[in-house]
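The entries below follow the order in which I looked things up.

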Amino acid sequence: MKRKHKESNREYPKVSPSNELSNLVGVEEKKMRKHATVNTAKKTSNESNFHLQAHKLLKSTEIKRKYKTRLTSWIDNFQIFLNTLPIHEGIYISSLSREASNRPSRDLRFVKNIANHARNNLRCDQDISITFIRPECVGTFGLYKIDALPGPDIEMNIHMTIPKRCFKDKDFLNNRYFVKKFFYLMYLAEHLNSQNICSSIKCAYYNGNVLLPYLIVCPSSTERISIRLFLIPEQNYFKVTKFSPEINNINTQVFEQDIGIIENIEKLPTTYYNSALAFDASLAENHVFIEQIFSCSLSIREGLKLIVIWMNQRNLDTGMGAFSTELTIYFLVYLISQGMIDKNMTSYQVFTKFLFFIHTIDLTQKAISICEEISEEDLCTYKSYFDIVLMDKTGHYNTAAFLNINAYLKMKHECKLALDILDQWNIHSFSELFLTNITLYLQYDAILDVKNDNNYEFLLNTLDPKEKAKYIGNHTGLIIKILLDYLNKGFHKRVHNIVPIVPGTVEWNYGIRYRMTNRRLLFGIQLDPDFAFDNFECGIFSNNLEERNFKKFQYNFISERQSHNILSRVEVNLENNTIKGKRDIIKMISNYVMSETLHLNHKLYYNELEDFLVNGKVKTWYPSGTNEETVQKIINYSDDLEQKIKSLTIKPQITGIEVVSDVFCYTNVFPPIPTAYISEKELTYIKDELVHVAPKYVESIESLIKLAYSPKNMDKSSILQQMKNVFVQISELLKKQYHIVSSLNSSYLDVLHKGIVFRYYLYLPKELSSLKGTNFLQMQEKLHVVPKVVEALKSINTQYPSYGVSTCLAKRWIRAQLIDDFLLPDMVINLLNAYQYLHQSLYHAAVGSQEAFFRFLKFLIEMQWDQQPVVINFNNELSDSDRV
């Protein structure tokens, strides 16, 4: 028997705090209340500003009434067309491939016209009979139906119910239903083509799935309207048990052309085929429920419209396997059904709730459902077959079935960036979220383009039959999965995410014979800045199976380039002895995976522009690629010379040396090469003993010497004399103690060290105070401001190594436009590019220099220079009010 805790009811004596403690607590409480009040007021102000700007945006995206009127008129004409459709009884598929001479002339003409589509990849196991009669029910669905479509163009969805008479009991088997549906769609297209109500008729596949074709028709009255026509079966025509992901609905090789022969196919689950059946069967019921949900609140519809605009600006909803707008609707319905969003919320709150949910909830581990009746066991069953699970209202269709997991992870990342923009609200936040178009080459460090002329048959032949059966009807998704597996093996920890991008949708004009071929595939690669350019480690030293598979793959890659012991853990450099060579590791891996392993035609868009930063006319005596190796040597030589100068005994004492040249922040495109300017066989090298004076007409590296004090009551002539005395002492002692050559000047000292000319200025505050007007500002900038800026820029390059190289690309491009240093100084370019790294609310930090350069160009294009100041906030020292 459990003992009761009597202590829980015990009353403890009250202790009165001391006055000092009471006062302290009171002060802290007041501070906390004041801080909370300020935060609440700030949040309220931000939401108010958001609401005002959102109202203007939504007003501008309203669809004009004249287009709505034209759409209504077209729908009336379309309904008349459906009522006058002719009937074609009992046409066999076999008759579509030959002339049926025994048919009436009208049927014969119809059969001949749709015979062009008989060679489509769709096949079934029988010579089935198809009856073409008028559709029984017509309905609308989608964003336009629930008044959440951003204008000005109209995209409307119509679903039409194929009469039960057109099907037989077991047409769900062996692709019979989808073959009949396809030719029924061609039946509609053929007769629509003979009318004058459409300016164009196109065929397309929903989400790239060959089992889900639809028509895209444009009314003759305007090009602003497009209508998508979907076909569905009668409600409850198919048994819901046939939609389960563990059921088999294919027992013959009807998909051999797409996916190859599958052994024991009748025993394997056809998961994606079943999902396509469920999509059609549940479409009408789901969208009736969706319309009821969204009809109760204008603010929820406005919130959805904002989400769609935000996604469109980032291209998150386009392509096969993407986070589609239809899926977004289902997620909002789920949040509403769970009480996370209600009709009293504003559009701002709806938008933020959606972002927060996608960002915080890990759906790779958890299955969710709109249907309340579905059991936990069924949810677990769906989760075992799909990466992401969001069950619909019926409880039998996973609305996220065709969502690629990498696209989902990309969506999570973008939601986090959007939430950060909302948290750090400023005057630019709204435009960054909804008015700024972020194209693919601004989002990814590299883009892998896999051409459409590749043959994937050899890849499919090596697959497990269970995996092939699972992807029946979604073979492009299977190819993407295979390629992602190989790429992840090759890149491993070097990437954060590899997002498949299938550009556009498969569309073709009706009347043109379309032959399904492999599609062009793009993969957006987001590199991990911590591991992207690491050396290879070989050797199998882990018990983890995935780790061992990766090491085996990597061993094959390395063994073709350098011999080593696979049983030992060693680093392999692969002759990448420059920083550019390390960046080229990404190219090497991509080429090995796609060309040498998979033999696929491809192109990697990554760092091609860096070739313009390599000085091919000058060969150095050390390995060098872009400017990093030379800059690093200059920094090392500068540090060495700085220590030597600080060790000299002079009066007044030297307290520090600060750098001035932009070489130290890695932004000098072609820095001076350490050399004595003697060349043998095109190779420059150092021979300091041959030089007796610092060269005058070469680029110097500028630095600043700070003295311990500056004597009082010193006039300008005395200051100049002191500078000369200090320079003389340094020059003589360097010559005497270290045999270093130097040259004196009235305002600076040139020192030749390790083949580099270092130019030193003296920083004397008294000298600055004696100057006036423009001279004071110039000296103040050079001697006081620039050293601090250079150190700050150097720290940026340390944190983001792509900064220096991308700045060099920016300088090369700007100078190629004949914009010289007088119009746009190098330091200004350095700072403008630094702004991209310190205020990168729109993107993740660029790892690739080419991606950072493209972002710099976008910044130049969109910045309103006459209205917006560029405030570069190093170390976040400036508050929001200071920047304003």
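**Entry 1**

I began with Lys 410 and Glu 414, which both sit in helix H11 (residues 405-423), four residues apart, about one turn of the helix. Helices here are DSSP runs of H or I with at least four residues, strands are E runs of at least two, and both are numbered from the N terminus. The model is predicted, so I note its limits: local features need pLDDT of at least 70, side-chain atom pairs count only at pLDDT 80 or more, and totals for chains, interfaces and linings use all residues. Residues are numbered from 1 along each chain as its sequence is written, and side-chain values use heavy atoms, with hydrogens and water left out.

Lys 410 and Glu 414 form a salt bridge, with the closest N and O atoms 2.8 Å apart. I used the term for a side-chain nitrogen of Lys or Arg within 4 Å of a carboxyl oxygen of Asp or Glu. Both Lys 410 and Glu 414 are buried (buried is under 20% relative accessible area, exposed over 50%, partly exposed in between, with a 1.4 Å probe and protein chains only). I also found Arg 314 linked with Lys 410 and Glu 414 in a network of salt bridges.

**Entry 2. Pairs across the chain**

How many salt bridges does the rule give? The count is 26.

I looked at Asp 125 and Arg 176, whose closest N and O atoms are 2.9 Å apart in a salt bridge. This pair links distant parts of the chain, 51 residues apart: Asp 125 is in the loop between helix H3 (105-114) and strand E2 (129-132), and Arg 176 is in helix H4 (residues 176-193). Asp 125 is partly exposed at 31% relative accessibility, while Arg 176 is buried at 11%.

I then checked Arg 520 and Asp 449, a salt bridge with its closest N and O atoms 2.9 Å apart. Arg 520 has a relative accessible area of 39% and is partly exposed. Asp 449 is buried at 1%.

**Entry 3. Helix H4 against H6**

I returned to H4 for its packing. The axes of H4 and helix H6 (residues 271-294) come within 11 Å and cross at roughly 50°. Axes are lines fitted to C-alpha atoms, for helices over the stretch in contact, and angles run from 0 to 180 degrees between N-to-C directions. H4 and H6 are therefore oblique to each other (under 35 degrees is roughly parallel, over 145 roughly antiparallel, 65 to 115 roughly perpendicular, and the rest oblique).

H4 passes H6 in a left-handed crossing, meaning that the near helix is turned anticlockwise from the far one by less than a right angle; clockwise would be right-handed. On the H4 side the contact (heavy atoms within 4.5 Å) is made by Arg 176, Tyr 177, Phe 178 and Lys 181, and on the H6 side by Tyr 273, Ala 276, Leu 277 and Asp 280. I sorted the residues of this contact into five nonpolar, no polar and three charged. Nonpolar covers Ala, Val, Leu, Ile, Met, Phe, Trp, Tyr, Cys and Pro, charged covers Asp, Glu, Lys and Arg, and polar covers the others, Gly among them.

**Entry 4. Helix H7 against H8**

Helix H7 (residues 298-313) and helix H8 (residues 325-337) pack at an angle of about 140°, their axes 11 Å apart. H7 passes H8 in a right-handed crossing. Residues making the contact include Leu 304 and Met 311 of H7 and Thr 325 and Leu 332 of H8. The contact of H7 with H8 divides into eight nonpolar, two polar and no charged residues.

**Entry 5. Backbone**

Most residues other than glycine have a negative phi, and most peptide bonds are trans. I listed the exceptions I looked up.

- The peptide bond from Gly 151 to Pro 152 is cis, omega near 5°, and Pro 152 is in the loop between strand E3 (137-141) and strand E4 (154-161).
- The bond from Lys 651 to Pro 652 is cis, omega near -5°.
- Asn 174 has a positive phi, near 50°, and is buried at 1% relative accessible area.
- Asn 236 has a positive phi, near 65°, and is exposed at 65%.
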